[in-house]
Amino acid sequence: MTLTDAWQAYMDVLRDRAPVTAAAVRAPRVLADREAAEGATASWPEELREFFALHDGQAFRSEDDQFVGEVLPGVELLSLEQVVATHKLCSEILHPIDDLGPDWPATVRAQHAGDTAEMFVPGYIPFAEDGAGDFLYVDTREGEQQGCIRYFAAEAANEGGSLFGSLAEYVDSVRRSVESGDEHSYLVPSVTEGVLAWDVDFSDRPPLPPQSDSTPLHLPFPLSDFQPSLITADDDLVDLDVVRAVVLDTARSLHPGAQVQGGEVVFRRVPRQRGVTMNSVVQVDGDPKFFLTIVTGVGNEVLVHELPPGGFTFVVDN
């Protein structure tokens, strides 16, 4: 299946099931504009050129500021201008690589597509972003994995490996998720009044009965829910970089001397709303540990607790 085939098949599904979101996809720009964007970034492989010959991103909100959905799970499909702007910004913001040794830049220059650079390099072309500094990109560097899809985190750079081998694979996987209702990128698709949303969905899961070995966790206020798809970068948001730092600091205090990594939350945006919760996975000496983070509603202050084996029983102190 070619990328054009995969894209057209997905657009057919969107027009049928989520016409409001489908209508938010902008028509492709003329060839001269696409070539200018490539010239301002790095040499694009043919599939990436084909990708932007099919669209020019999506409008994330309508003219009257209504949410019109997300074509891709949890991220906004970028226009040419946004691709160039994101590429330029990331090229100017250098990630700390001092601890990797003086030969690391030479190592990066010798890498191939799919290798982890621990920093942004010109051959990364962003095509979708989450509004909080993280984005999906095409690794255009030479090698067998040229054109693979990867995730770049503002805090952790590109520590993860390849997510999909090509844009065609990625687009086709999104189509299949929308058609089946199955999870994609930790998110579940749903359509309301023609708008496609991607949420962490726990609605079909029955409440878990308290376990006999669960640990009571006393809270000063009740927990609350929120809908991730309705949150935008313009809302009052918690700084997830600060949250991650607090989670890692908590993990280090509970496991002194251990190597602690990770700490990212599943959500892309989290409102500064008292009682909202987030889960994080922290690698402690290579073993995964789960942490519960609770927003207090005051600045970026959060309550962080490592989940015990039996989980928590929540007790609200009046």
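Colleague: Which helix do Arg176 and Asp172 lie in, and how many residues apart are they?

Modeller: Both Arg176 and Asp172 lie in helix α7, four residues apart, which is about one turn of the helix. In this predicted model, the two form a salt bridge, with the closest N and O atoms 3.2 Å apart.

Colleague: Buried or exposed, what is Asp172?

Modeller: Asp172 is buried, with a relative accessible area of 14%, whereas Arg176 is partly exposed, with a value of 44%.

Colleague: And which residue forms a salt bridge with Glu179?

Modeller: Glu179 forms one with Arg175, and the closest N and O atoms of that pair are 2.5 Å apart. Glu179 and Arg175 are also four residues apart in helix α7, and are therefore separated by about one helical turn. Glu179 counts as partly exposed at 36% relative accessibility, while Arg175 is buried at 13%.

Colleague: How many residues of α7 are buried?

Modeller: Of the 14 residues of α7, 10 are buried, so the helix is largely enclosed by the rest of the structure.

Colleague: What span should α7 have, going by its residues?

Modeller: Helix α7 runs over residues 167–180, and at 1.5 Å a residue it should span 20 Å; its end C-alpha atoms are 20 Å apart, which agrees.

Colleague: What comes on either side of it?

Modeller: After α7 comes Gly181, whose phi is positive, near 80°. Ser166 is buried, with a relative accessible area of 15%, and, leaving aside its neighbours within four places in sequence, it is in contact with Glu47, Gly147, Cys148 and Ile149.

Colleague: Changing topic, which residues have the most contacts inside the largest nonpolar core?

Modeller: Those are Tyr10, Phe51, Leu72 and Phe127, in a core of 61 residues. Helix α1 (residues 3–17) gives the most to this core, with seven residues. As general background, nonpolar side chains tend to be buried together in soluble globular proteins.

Colleague: What does Tyr10 touch, not counting residues up to four places away in sequence?

Modeller: Tyr10 touches Val71, Val171, Val174, Arg175, Val178, Leu196 and Trp198.

Colleague: Which residues does the second core include?

Modeller: The second core is separate and has nine residues, including Cys90, Tyr124, Phe135 and Tyr137.

Colleague: What are Arg29 and Glu81 linked with in a network?

Modeller: Arg29 and Glu81 are linked with Asp33 and Asp56 in a network of salt bridges. Arg29 counts as partly exposed at 25% relative accessibility, and Glu81 is partly exposed as well, with a value of 45%.

Colleague: Last topic, the whole chain: how many helices and strands?

Modeller: The secondary structure comes to eight helices and 12 strands, and buried residues make up 47% of the 318 residues in the chain. Among contacts with a separation of 6 or more, 59% are between residues 24 or more positions apart.

Colleague: What does the accessible surface come to?

Modeller: The accessible surface of the protein chain comes to about 16,000 Å², and carbon and sulfur atoms account for 52% of that.

Conventions
Residues numbered from 1 in each chain as written. Predicted model: local features only at pLDDT ≥ 70, side-chain atom pairs only at ≥ 80, totals over all residues. Heavy atoms only, no water. Helix = DSSP H or I, 4+ residues; strand = E, 2+ residues; numbered from the N terminus. Expected span 1.5 Å × (residues − 1). Buried < 20%, exposed > 50% of the residue type's maximum accessible area, 1.4 Å probe, protein only. Core = buried A, V, L, I, M, F, W, Y, C linked by side-chain atoms within 4.5 Å. Contact = heavy atoms within 4.5 Å. Areas by Shrake-Rupley, 256 points an atom, 1.4 Å probe, with all protein chains shown as cover. Salt bridge = Lys/Arg side-chain N within 4 Å of Asp/Glu carboxyl O.
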